[in-house]
Amino acid sequence: MPTLYTADRCPYAARARIVLAEKGIAYEAVEIDLDDRPAWMYEKNPTGRVPVFEEDEGLVLPESEVIMEYLEERFPEPALWPDDPAERALARLWLQRFDDRLGDAYYAARRGDGREQLEARLADLERALEAQPWLSGREYGLADIGYVPWILRGLERLELELGPALADWLERCSSRPAVAQERAVVAAL
Ligand SMILES: N[C@@H](CCC(=O)N[C@@H](CS)C(=O)NCC(=O)O)C(=O)O
């Protein structure tokens, strides 16, 4: 059985957890205390960060985006890349631009460096979701999974106020058991 080195509080690890749940893959979860990390974690990932996905065959993969894409290729069903090549490219762009489109502003707000940037980024997300149901277009997939962990945590930790399109997207994401499960993880933090 594969292992996921993870931490409940980590939104990057949440990406991997959601993809594993979507695909119904059984795995052992090893919860890492990020404030008192075991030294062996640096053998799994030189940065010491979670998530890391490990297979019995010896593959050890850090980096949430790489893990998501690997799981998608290794376990193609249900598909989490859009069928349409243009939407698939846009999904990749959402993941690649995550820091610019949400991550940097989220962490600035968490550090107490102001919320204006985050509010601007949420307004951008709102506009994107007014135009189409899912971030990359017509299908739920890796782009949505790549962003939803921060929105869930932001609601709890930053008391985010979501516009109607973003709130509706979150509800539709949460109707998927894999995301609902993650919502429960966040509620228990
Ligand atoms: N680029 C990494 C980022 C992972 C990351 O930042 N994980 C955090 C927890 S959310 C971590 O392990 N932090 C501990 C540290 O930076 O030392 C990914 O996408 O997996």
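How many salt bridges does the structure hold? The structure holds 14 salt bridges, each a side-chain nitrogen of Lys or Arg within 4 Å of a carboxyl oxygen of Asp or Glu. The model is predicted: local features need pLDDT of at least 70, side-chain atom pairs count only at pLDDT 80 or more, and totals for chains, interfaces and linings use all residues. Residues are numbered from 1 along each chain as its sequence is written, and side-chain values use heavy atoms, with hydrogens and water left out.

**Sheet and helices**

- Four strands form an open sheet in the order E2-E1-E3-E4, with mixed pairing.
- The edge strands, E2 (28-31) and E4 (60-62), each pair on one side only.
- From one strand to the next, the twist averages 20 degrees.
- Strands E1 (residues 3-6) and E3 (residues 52-54) pair in the antiparallel sense over three bridges; Leu4 has Phe53 in E3 as its bridge partner.
- Helix H1 (residues 11-22) lies across E1 and E3, at about 150 degrees to E1.
- Helix H3 (residues 64-74) packs on the sheet and touches E3 and E4, its direction making about 125 degrees with that of E4.
- Terms: helices (H or I, at least four residues) and strands (E, at least two) are DSSP runs, numbered from the N terminus. Strands pair if DSSP finds at least two bridges between them. Contact means heavy atoms within 4.5 Å. Axes are lines fitted to C-alpha atoms, for helices over the stretch in contact, and angles run from 0 to 180 degrees between N-to-C directions.

**Largest pocket**

- The largest pocket holds about 650 Å³ of space. A pocket is an open set of points on a 1 Å grid over the protein atoms alone, where a 1.4 Å probe fits, with protein on both sides within 12 Å along at least five of seven lines.
- Its lining has 26 residues (an atom within 4 Å of a point). Cys10, Tyr12, Arg49, Val50 and Tyr107 lie nearest the centre.
- H5 gives the most to this lining, with five residues.

**A salt bridge across the sequence**

- Arg176 and Glu22 meet through their side chains in a salt bridge (2.9 Å, N to O).
- Arg176 lies in the loop between helix H8 (164-174) and helix H9 (177-187) and Glu22 in helix H1, so the pair ties together parts 154 residues apart in sequence.

**Backbone points**

- Val50 to Pro51 is a cis peptide bond, with omega near 5 degrees. Pro51 sits in the loop between helix H2 (41-44) and E3.
- Glu77 to Pro78 is also cis, with omega near -15 degrees.

Definitions and conventions:
Points joined across faces, edges and corners; volume = space filled by probe spheres on them.
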